[in-house]
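This report describes how two chains are arranged and how they meet. The sequence and structure come first, and the description follows.

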There are 2 protein chains.
Amino acid sequence: MTSDASKPAPARPVGRPRRPGLPSGSGLTSSAARSTGRAGGETVTGRVFSILEVFDHDHPALTLTEIARAAALPVSTAHRLVGELAAWGALERGADGAYRIGLRLWEVGSLAPRSVGLRERAMPFLEDLYEATRQNVQLAVRDGHEGVYVERLAHPDAVRLFSRVGGRWPLHGTGVGQVLLAFAPPVVQESVLAAPLTSFTARTITDPAVLRRTLAGIRRDGVAVCDGMIDLASLSVAAPVRGEGDAVVAAISVVVPSPSTPGGIEPRTLVPAVRAAARGISRAIGAPTPSRTPRTLRTDVPRPSS
Amino acid sequence: MTSDASKPAPARPVGRPRRPGLPSGSGLTSSAARSTGRAGGETVTGRVFSILEVFDHDHPALTLTEIARAAALPVSTAHRLVGELAAWGALERGADGAYRIGLRLWEVGSLAPRSVGLRERAMPFLEDLYEATRQNVQLAVRDGHEGVYVERLAHPDAVRLFSRVGGRWPLHGTGVGQVLLAFAPPVVQESVLAAPLTSFTARTITDPAVLRRTLAGIRRDGVAVCDGMIDLASLSVAAPVRGEGDAVVAAISVVVPSPSTPGGIEPRTLVPAVRAAARGISRAIGAPTPSRTPRTLRTDVPRPSS
DNA sequence: TCCTTTGCTTCCGGTGGACGGAAGCCAGCC
DNA sequence: GGCTGGCTTCCGTCCACCGGAAGCAAAGGA
């Protein structure tokens, strides 16, 4: 429900708080006049988070000084806070003196219903899909204007992807992203359509009107086919996962070599499998029966699947 | 490196900070005399962590009042802190008003090298092991006196397990745990052997002398077979995963029906596959080549362990 | 060997933000 | 209507956080 649009204008508008830039040059006693006392309006928790945000996939291990510099904190302050974080286990200090994200923090994060909770129930279906295609299978949810990848099964020989578990991508360029956007609250859609659409390849949709039509098509078909929009060599087929109240809570996709490349795969053949897996997950997480289908599916039957 | 034993007695002795119990009754102005001001010696970060610790697998969603009660904080204080946590994304508030662990926290936790970093590289080997056995495959690391499960692949028809991703178990009762313990620093081993060994089934090892012999056997064979120590119906075969400097950083296991049950599996047949997978992972994460050493086991070598 | 640099840790006085009681508010229920 | 339980806001008090400065240790360079 973070930055969701059930309320018109929640406190946190949509994105995540940006990382504070480094202080202008190293000019001490410059603009921020307040010489002593803490910098204006910053809470302790805010500083703690700014420390955690310093870590990312390209910087998994940092020394105290690096943390202090990147989080724009005095070294002594960073020292104290980092010490408290490490004492609890949110950070761990390696033999080299560098700090890393700690196991304890991962443990708590694993309780997030929208990540691991979802993942656990989706896993059997993802496995099946993976077995059937032997390519890349992905599970993602939406957070603000971005898709967050919750799980990824990648065959070593499959097309190489840019996504990572825990990584983010803009919604308009990926298969799962387009699905999540197509079923997002109108406010979110308009907001994305209003902002400039960054281009990754020559095939990325950058025209809002085209994107709008694409989204309508996805809503109609219940599936998205996204060819070469992030990487010209790969194509993804994505479908929505629905939860309680029939709301779209996640999306799955299969990523295969684009048919325009040697060894490419025709997307048409993948659509049924992806859609079936998405429906399976939806049922597993408590979605109501998929409309008035001819089949009288009974959601509560403990169908052994196998 | 949390609570690791390179230093004899770090600040945090070994376990995780215990959850503070509820205040004695509801007696106000009772024992804790300090009527105003914050409770003795508690830091802001400490309170934030105490809030996060309130969540566990059995309590994934809590209301403000429940959080305040469980964390032993005044409601107004909890309200402020929870608000800051939710603003950042560490918590999310559902439509029902309850708070849950947020996606953002999971995202940061995913950067922990000992969890997701390890998992990513181990996954292909775990997949293969899963395919070969169609049972349960697990990956775990040690934190203090407990094993933490980092990944688990479970076939729907396989033996039901009590472990969960992100869950903890004492080291002496599980296959991966015994492996992790066998190769843990001597201080940790002695500490575990000195403490009472809780029993889960009639087969759980509770005698320190027996455990000591078992660990020696595991070091000798490079594999642990653990039959019915948590659940009489299941048996696990585990092997160590080594990292840089040849230190044991994780363990993997396959859990199958115990041979003493109908449909049970003879562990002997699984050993080669588990060992091979463990070696594969070790290689993938940068362990030195296994070499042909007739294992002159040196658990206590000062080697800086990197 | 001495000096410099870089980074980490400890210390301590001042103060501004955290604290939490109290009051207000809103549903749901008897 | 009155009541209960839970959530939110407000504001005066005060103490824990803050961060400059000094001390330490290790790594390089002359």
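Two strands count as paired if DSSP finds at least two bridges between them. The model described here is predicted. In chain A, β1(A) and β3(A) are joined by two bridges and run antiparallel. Within this pair, A61(A) stands opposite R100(A) of β3(A).

The pair belongs to an open sheet of three strands in chain A, in the order β1-β3-β2 with antiparallel pairing. Its edge strands are β1 (61–62) and β2 of chain A, each of which pairs on one side only.

## Relation of the two chains

## Extent of the interface

Chain A contributes 63 residues to the contact and chain B contributes 65 residues. Between them the two chains bury about 5,400 Å², and 65% of this is on carbon and sulfur atoms. On the side of chain A, the most area is lost to chain B by W88(A), L103(A) and W106(A), which together account for 14% of what that side buries.

## Polar pairs and the elements that supply them

Between chain A and chain B there are twelve residue pairs in polar contact, counting pairs with both residues at pLDDT 80 or more. Eight elements of chain A need listing here: α1 (44–53), α3 (75–88), β2 (91–93), β3 (99–101), α4 (103–109), α5 (113–133), β4 (136–143) and β5 (146–154) each supply at least two residues of the side that touches chain B. The largest share of that side, ten residues, comes from α5(A). By residue class, the side of chain A that touches chain B divides into 31 nonpolar, twelve polar and 20 charged residues.

## Salt bridges

How many salt bridges does a search of the whole structure find? Over all chains there are 32. Across the interface of chain A and chain B the rule finds eight.

One salt bridge links E53(A) and R104(B), whose side chains meet at 3.5 Å, N to O. This pair crosses between chains, from helix α1 of chain A, which holds E53(A), to helix α4 (residues 103–109) of chain B, which holds R104(B). A salt bridge also joins E92(A) to R114(B), with the closest N and O atoms 3.1 Å apart.

How values were computed
Residues are numbered from 1 along each chain as its sequence is written. Chains are lettered from A and ligands numbered from 1 in the order in which they are written. This is a predicted model: local features need pLDDT of at least 70, side-chain atom pairs count only at pLDDT 80 or more; totals for chains, interfaces and linings use all residues. Side-chain values use heavy atoms; hydrogens and water are left out. Contact means heavy atoms within 4.5 Å. Buried area is the accessible area (1.4 Å probe) that two parts lose on being put together, summed over both. A salt bridge is a side-chain nitrogen of Lys or Arg within 4 Å of a carboxyl oxygen of Asp or Glu. A polar contact is a pair of N or O atoms within 3.5 Å; within protein, one must be able to donate a hydrogen and the other to accept it, and residues adjacent in sequence count only if both atoms are side-chain atoms. Helices (H or I, at least four residues) and strands (E, at least two) are DSSP runs, numbered from the N terminus. Ala, Val, Leu, Ile, Met, Phe, Trp, Tyr, Cys and Pro count as nonpolar, Asp, Glu, Lys and Arg as charged, and the others, Gly among them, as polar.
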